[in-house]
Amino acid sequence: MKTIRFRAMGCQMNVTVFSDSTAAVKQLEQVPAWFEEWEQVLSRFREDSELSCFNRGEIKLAESSQVFKEVFGTAQQVESESGGLVSPLVLDAMQRIGYDKSFEKIGEPLRVPALAYGEAVDNIFEDILAAGAGTVRYDFGGVAKSWAARQAVRRLGRYAPALVNAGGDIAISALMPNGEGWIINVTDPFSPDDHLAVLRVGKGGVATSGTDYRNWFQNGQKRHHIIDPRSGESAETDLISVTVVAQDVVQAEMAAKVVLILGGERGLAWLAERPQFAALLVYEDQDIQTTPGLQAYLRSSRW
Amino acid sequence: MSAKNNIKGVKYLFASASLVTAIGLWNHFSSQANLQEQALQKNEPDPQVSYVQKLEFPPLPTLVPGYEYQTGVLYPQPEQLDYTNDQNSTGQLREALRPTPEAKPNPQVTINQVIIGQPSGGNTLSNPPVNNTGSSK
């Protein structure tokens with residue numbers, strides 16, 4: 001078994017493959033280069049990334065790389081499946097179409113629906129896309145990170161059971177060689193050095209969305225990075241972190257974010273309609289709730 | 001005397017007949033040969049005409065310069081074929097619509113790269129890897 005640790009996409013990466021073969025180790029050593037390549041395509045923090053060029057209108061979607069197209073399509077799919085709650089447009093576009101009165105830059109005024117829980121808003125995505133590159137700015141955010149984790153584990157999984165932990169978004173290719181699930185500790189958002197629960201997860205994905213780390217104060221008001229597309233502001237929620245286990249890490253990341261944005265009550269209702277997701281919800285008041293499906297993965301807990 | 005004369009006459013007749021027959025056969029066969037010869041002559045091409053000229057094959061490309069041994073003068077080079085369709089083309093490659101982005105030779109990545117080798121076999125699974133999930137840091 002070999003493990004590699006490095007930083008990429010603004011977070012800590014841990015990658016493990018259960019093999020000592022030369023081929024597997026060679027692939028493992030390539031993982032940082034893979035993430036560098038993807039970051040050069042997908043990062044909005046790099047002026048010369050493909051995403052930045054796309055946002056400036058310098059390239060069109062048809063001219064973009066295969067990686068860009070694939071992540072763009074994944075983001076579109078996530079946006080649709082989440083009812084618009086996980087959107088690549090939140091940072092800039094929602095302010096523009098929701099709060100900017102001048103619509104002449106994007107042609108005809110776009111339809112701005114009153115977003116409500118369950119209302120599909122993927123038409124907004126299509127309308128903005130039709131307006132052309134450079135008219136709005138995209139940020140793939142968690143979709144890019146989870147997509148990258150999934151890509152890496154697929155490549156490594158050809159050689160042996162592998163796990164890619166991209167800053168808490170975890171993609172797993174298969175059970176460990178002894179037939180057991182990989183050990184996943186769920187971090188306590190109120191005590192980062194401790195964990196709330198221990199999960200055992202086989203092939204699939206685990207993701208956590210939380211407001212405990214990336215938060216700040218602006219004019220005396222607490223802000224965090226999980227934007228609610230309905231308001232264009234930091235999501236007002238009674239949850240501090242949500243962990244989801246799913247068949248796929250991209251799906252897990254989407255579900256965790258949706259539940260966090262919706263809050264405890266509506267989030268559990270949303271999860272009840274989707275048994276493919278097993279979730280652990282931690283409230284601001286330190287209360288904890290889980291979905292029935294989580295029992296299959298839970299090995300120990302502190303509650 | 002008359003019997004001798006008769007025998008002579010018969011001999012004369014036989015000789016004559018043989019001669020006539022021989023001449024006749026000779027004429028017959030010689031005429032057949034003439035006919036055949038005439039038939040062959042009709043099908044044979046005119047030896048004066050060159051097939052090359054008739055079918056007008058283009059000359060094969062010259063791989064090496066021809067050398068006229070008598071005079072020592074090289075044959076002229078064959079005309080180079082022009083594949084350019086555009087009459088205004090300068091022969092240069094068509095400019096790509098978008099320049100190919102250059103690969104970054106040295107990725108600017110801060111890597112705290114550690115490869116941990118763990119012993120294979122039972123020890124690995126008795127001490128399995130542990131991963132954490134939480135807010136991304």
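Analyst: Chain B, then the pocket in chain A

Chain B has three helices and two strands (DSSP runs numbered from the N terminus: helices are H or I of at least four residues, strands E of at least two). Along its sequence they come in the order α-α-β-α-β. Of the 137 residues in chain B, 7% are buried, where buried means under 20% relative accessible area, exposed over 50% and partly exposed in between, with a 1.4 Å probe and protein chains only.

This is a predicted model, in which local features need pLDDT of at least 70, side-chain atom pairs count only at pLDDT 80 or more, and totals for chains, interfaces and linings use all residues. Residues are numbered from 1 along each chain as its sequence is written, chains are lettered from A and ligands numbered from 1 in written order, and side-chain values use heavy atoms, without hydrogens and water.

The largest pocket has a volume of about 950 Å³. A pocket is an open set of points on a 1 Å grid over the protein atoms alone where a 1.4 Å probe fits, with protein on both sides within 12 Å along at least five of seven lines; lining residues have an atom within 4 Å of a point. Points are joined across faces, edges and corners, and the volume is the space filled by probe spheres set on them.

The lining has 37 residues, and D139(A), G141(A), G142(A), K145(A) and H225(A) lie nearest the centre of the largest pocket.

Helix α1 of chain A covers residues 22–42, 21 residues in all, and reaches 30 Å from its first C-alpha to its last, close to the 30 Å expected at 1.5 Å a residue (1.5 Å times one less than the number of residues). A bend of about 35° occurs in α1(A) at V31(A), and the proline P32(A) follows within four residues; the bend is the angle between axes fitted to the seven residues ending there and the seven starting there. A23(A) lies in helix α1 of chain A and is partly exposed, at 38% relative accessibility. From A23(A) to L156(A) the C-alpha distance is 9.9 Å, although 133 residues separate them in sequence.

Helix α6(A) has 15 residues and reaches 21 Å between its first and last C-alpha, close to the 21 Å expected. Of these 15 residues, 13 are buried, which leaves α6(A) mostly covered.

A235(A) sits in the loop between β11 (233–234) and β12 (239–246) and is buried at 6% relative accessibility. Its C-alpha is 8.9 Å from that of G263(A), 28 residues away along the chain.

Most residues other than glycine have a negative phi. M9(A), in the loop between β1 (2–8) and β2 (11–17) of chain A, has a positive phi near 50° and is buried, with a relative accessible area of 19%. Q286(A), in the loop between β13 (278–283) and β14 (288–290) of chain A, also has a positive phi, about 75°; Q286(A) is exposed, at 53%.

Over all chains the search finds zero disulfides, a disulfide being a pair of cysteine sulfur atoms within 2.5 Å.
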